[in-house]
Amino acid sequence: MKQLLFILIFSSWFSVLAQQTSVIDFKRASVTISSVSVENKTVSGSIAYQFDVLKAVDSFYLDTKNTTFSKVVLNNKSVPYHITDNKIWIVNSMSPSKEHTLQFSFVSQPKKAMYFIDADDENNHQIWTQGQGQYTSHWLPSLDDTNDKIEFDLKITYKKGFTVIANGKLINKESNATHTTWYYDMQKPMSSYLVALAIGKYEKVEEISASGTPINYYYYPEDSAKVEPTYRYSKVMFDFLENEIGVAFPWQNYKQIPVKDFLYAGMENTGATIFSDAFMVDTTAFIDKNYVNVNAHELAHQWFGNLVTATQSKHHWLQEGFATYYALMAERYVFGEDYYFWKLHEYAQELLEQEQAGDATPLLDPKASSVTFYKKGAWVLEMLKNKVGDKAFNEAVQTYLKTYQFKNVETDDFLSIVEKTSNLSLSAFKKKWLESNILPINEMTSHLIKESESIATFLKYDCELDPNSCKKLLLTTQDHRLKAKIIPLLNGDVPSFLFFETDLKVRQAVAKSFTFVPLELKTQYETFLEDNSYITKEVALYTLWVNFPESRTGYLEQTANEVGLNDKNIRMLWLVLALNTEGINHLNKQKYYTELVNYTSPKYDFNVRQNAMSYLQSLNAFNEIALNHVFLATKHHNWRFKSMAKNLLKSLSEIEKYKSIITNLQKEKF
């Protein structure tokens, strides 16, 4: 009987697997998360799914990984089910009908998608999710298929003293002596990969958009001074995008939550963007590394990606290209026309470099690079608007969003609407810009020259062939962005009058352009140590330390209390320079070395750890503690950091003084 049952299930897989959205339509999920164990890295709870049957079927599935199930009930009756490596199959013959309910309890042990940060810190750990791709099913039995949109309501219980944040509106909180239960309500459907959960120690500030939407800015209690510079222009950009797009923000509210060791810059979960806390900055860091572009990009995704979602990866530009373009439009509103076109120029240069490296693909290639999906996608929209005109373009975008809201789309869905609003055929445009891997760089350059006097001027000059003309331009122009672009092209032959510039980005370009500082410019160059830019200070400290050995202790004293960006860029450079400066007490040097090694520890953000490891590698000065931290980093969830650690450990294992330590560490771990 069991064998017959398995054959019946197996035969139905092939008929359902590739087209379940045409057979079963999941409508709503009431999710109860009764326990999230940071100690055991598990999540348990129950779900009640409501769904319609569109066509006769003898089984259907949900995606799931590393999950056990109990109390599986279909329409209030226990039902047979079968679990494969990545699915739970419900075995039951059903005819086309509506309003069915599937309920079950589950315990998941996610290998990805839910991350437990600083799990050994009972009072200050974090738990957060990252579901983009097909990953939510690792912690929440759901659907990896982005074409099935579901309204998720979440009820989550966690320890008192922690804040629990999820999609939707917080409609209730209930507490007992040890735990709090948070109730979040969603009113509209979304793809499963956009379900989000974040747990940590947070406070928040709220603003209300011009249209009445609550906007919540979360922050760590110790980061209250960073709230304004981090979230600067948020409401301005929110209001701008609602007006520019012409379609109201589609969700009940909007939240932004910083987390430690995030996988990317940010992720546009529905109504709840999670982003890297490396973007939590103070007023000085704002000039060097701010959240504005990431902020605008993830916000734009609330329409492009969340409200309308691509059917498959070949149409991914409909999400990333649109979000990149509208983020740039928001920045244009904040920072001005020149900023906008210079960013488009940067995107064009990246795309050109990609093409010259032989890595270019059509925009509609599902394996296209991020540079293609994001930046060529943005350029396509810029040139499409230029071709059809602002009125037809804006009308098309509004029609597109309203027609396909809470649905899935392909490229032709959008282009056909643009053809109708503009009364133009776009077949040639599509072939050139979306289906060809050849970059129309001449058209892009002509467009930039036409739209931006600053870029037109820049492209007239060849600083390598005629540096004097560029120097004269620097003397006469008041265009700070133009100056900052020209200075690096002079290869260090920078006119001394530029030391008196006040624009921080121009001064940063000047500081970076010097490797050798003439004695007569020493005093002027030292002023860079006073700039309100952590990158400028870092560059200036190193350059001065190298050029003027007799003044090294003075420079170190002047910058002894500087930390810099969130990766501690100035502090780590300071430690390395102090370790290599004569006249510094040996005991102090030991203290500085211990501090540098300590920054490789898992208690720090991976950006800090990576910075410290890189410096220790340059010093060839790893000890057993630091090597153990490198080994631990090879197990980190951030793949870039993990890859760096693996490569570092491999190179260190070839150095004689580290071989035995690394061998012993490997034996201990395995």
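The largest cavity holds about 60 Å³ of space. A cavity here is a set of points, on a 1 Å grid over the protein atoms alone, where a 1.4 Å probe fits but cannot get out; its volume is the space filled by probe spheres set on the points, which are joined across faces, edges and corners. Please bear in mind that this is a predicted model, in which local features need pLDDT of at least 70 and side-chain atom pairs count only at pLDDT 80 or more, while totals for chains, interfaces and linings use all residues. Residues are numbered from 1 along each chain as its sequence is written, and side-chain values use heavy atoms, with hydrogens and water left out.

Which residues line the largest cavity? They are Leu351, Gln354, Glu355, Ala360, Thr361, Thr372, Lys376, Asn437 and Leu439, where a lining residue has an atom within 4 Å of a point. Two elements, α6 (337-356) and α7 (370-388), each give two or more residues to this lining, and α6 supplies the largest share, three residues. Helices are DSSP runs of H or I with at least four residues, strands are runs of E with at least two, and both are numbered from the N terminus.

Of its 13 lining residues, Gly133, Leu143, Asp144, Ser192 and Tyr193 are the closest to its centre. Its lining divides into three nonpolar, eight polar and two charged residues.

I turn now to a strand. In β9 (residues 114-117), Met114 and Phe116 on one side and Tyr115 and Ile117 on the other are all buried, that is, under 20% relative accessible area with a 1.4 Å probe and protein chains only. Strand β9 pairs with β10 (residues 126-129) in the antiparallel sense over four bridges; pairing requires that DSSP find at least two bridges. Within β10, Ile127 is the bridge partner of Phe116.

Finally, the whole chain. It has 24 helices and 22 strands. Of its 670 residues, 56% count as buried. Its C-alpha atoms fill a box of roughly 90 × 70 × 45 Å, taken along the principal axes.

Conventions: On a 1 Å grid over the protein atoms alone, a cavity is a set of points where a 1.4 Å probe fits but cannot get out, and a pocket is an open set with protein on both sides within 12 Å along at least five of seven lines; lining residues have an atom within 4 Å of a point. Ala, Val, Leu, Ile, Met, Phe, Trp, Tyr, Cys and Pro count as nonpolar, Asp, Glu, Lys and Arg as charged, and the others, Gly among them, as polar. Buried means under 20% relative accessible area, exposed over 50%, partly exposed in between (1.4 Å probe, protein chains only).
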